[in-house]
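Colleague: I'd like to learn how to read a model like this one. Please take me through it, feature by feature.

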Amino acid sequence: MRSYIFALSCLILLSLTACDSKMVFEESRPIADHVWKINQPAKLEFEVKDTMAFHNFYITVRHGEEYEYSNLFVFVEMEFPNGKKSVDTVECMLADPTGKWYGDGVGSIYSNRILYKADRRFPLSGRYKVSIQHGMREEDLKGVYDIGFRLALSR
């Protein structure tokens, strides 16, 4: 049953992103055993060619009902093609004050896309590296299935 739900989730996600002409890059990293360890950041890389286009930056989070918090703090480190780095702290709200989960749910799994930068241009063309590490007080976060990064044209 669990593999059926996972396959169905992947199919829905694939069909939604296939129709999105503004998406430039989207990739997620699965979290082993659904326990995100503080010393295991999700690492992704993407290529930027157009420095004139405006982009929106998103964090994508897939979690289960067993996740114990209504939010998730992450540190997003971006390394530019010239080796310089920037670091942002992002709070991802995953539930409302009553405990109702945000995002799209399939069974007991929820998918969220959190905007953290809007209408941004890249200063350089080339290869960018993104590292996403959780910033919660617990070292091991149970119930996190995938962490990812999405880049989409904003205009």
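Colleague: What is the relative accessible area of Asp119?

Modeller: We sort residues by relative accessible area: buried means under 20%, exposed means over 50%, and partly exposed is in between (1.4 Å probe, protein chains only). Asp119 has 36%, so it is partly exposed. This is a predicted model, so local features need pLDDT of at least 70 and side-chain atom pairs count only at pLDDT 80 or more, while totals for chains, interfaces and linings use all residues. Residues are numbered from 1 along each chain as its sequence is written, and side-chain values use heavy atoms, with hydrogens and water left out.

Colleague: Where does Asp119 sit, and what is its phi near?

Modeller: Most residues other than glycine have a negative phi. Asp119 has a positive one, near 50°. You'll find Asp119 in strand S8. By the way, helices (H or I, at least four residues) and strands (E, at least two) are DSSP runs, numbered from the N terminus.

Colleague: Which loop holds Asp33?

Modeller: The loop between S1 and strand S2 (35-37). Asp33 also has a positive phi, near 55°. With 71% relative accessibility, Asp33 counts as exposed.

Colleague: Back to S8, then. Is Lys117 buried or exposed?

Modeller: Lys117 belongs to strand S8, which spans residues 109-120. Its relative accessibility is 16%, so Lys117 counts as buried.

Colleague: And what does Lys117 touch?

Modeller: Contact means heavy atoms within 4.5 Å. Setting aside neighbours within four places in sequence, Lys117 is in contact with His55, Asn56, Phe57 and Asp88. The side chains of Lys117 and Asp88 also make a polar contact of 3.1 Å. That term means a pair of N or O atoms within 3.5 Å; within protein, one must be able to donate a hydrogen and the other to accept it, and residues adjacent in sequence count only if both atoms are side-chain atoms.

Colleague: How do I read a sheet?

Modeller: Strands of a sheet pair through backbone hydrogen bonds, either parallel or antiparallel. Here, two strands pair if DSSP finds at least two bridges between them. Five strands make an open sheet in the order S1-S11-S4-S8-S7, with antiparallel pairing.

Colleague: Why is one side of S1 left without a neighbour in the sheet?

Modeller: S1 (23-30) stands at an edge, as does S7 (104-106), and each has a single partner strand, so one side of each has no neighbour there. From one strand to the next, the twist averages 15°; axes for such angles are lines fitted to C-alpha atoms (for helices, over the stretch in contact), and angles run from 0 to 180 degrees between N-to-C directions. S1 pairs with S11 (residues 144-153) over seven antiparallel bridges, and Arg29 stands opposite Ile147 there.

Colleague: How many residues of S4 are buried?

Modeller: 10 of its 10 residues, 55-64, so S4 is largely enclosed by the rest of the structure. In a regular strand the side chains alternate between the two faces of the sheet. Both faces of S4 are covered: His55 and Ile59 are among the buried residues on one side, Asn56 and Tyr58 among those on the other. Nine antiparallel bridges join S4 to S8, with His63 opposite Tyr110.
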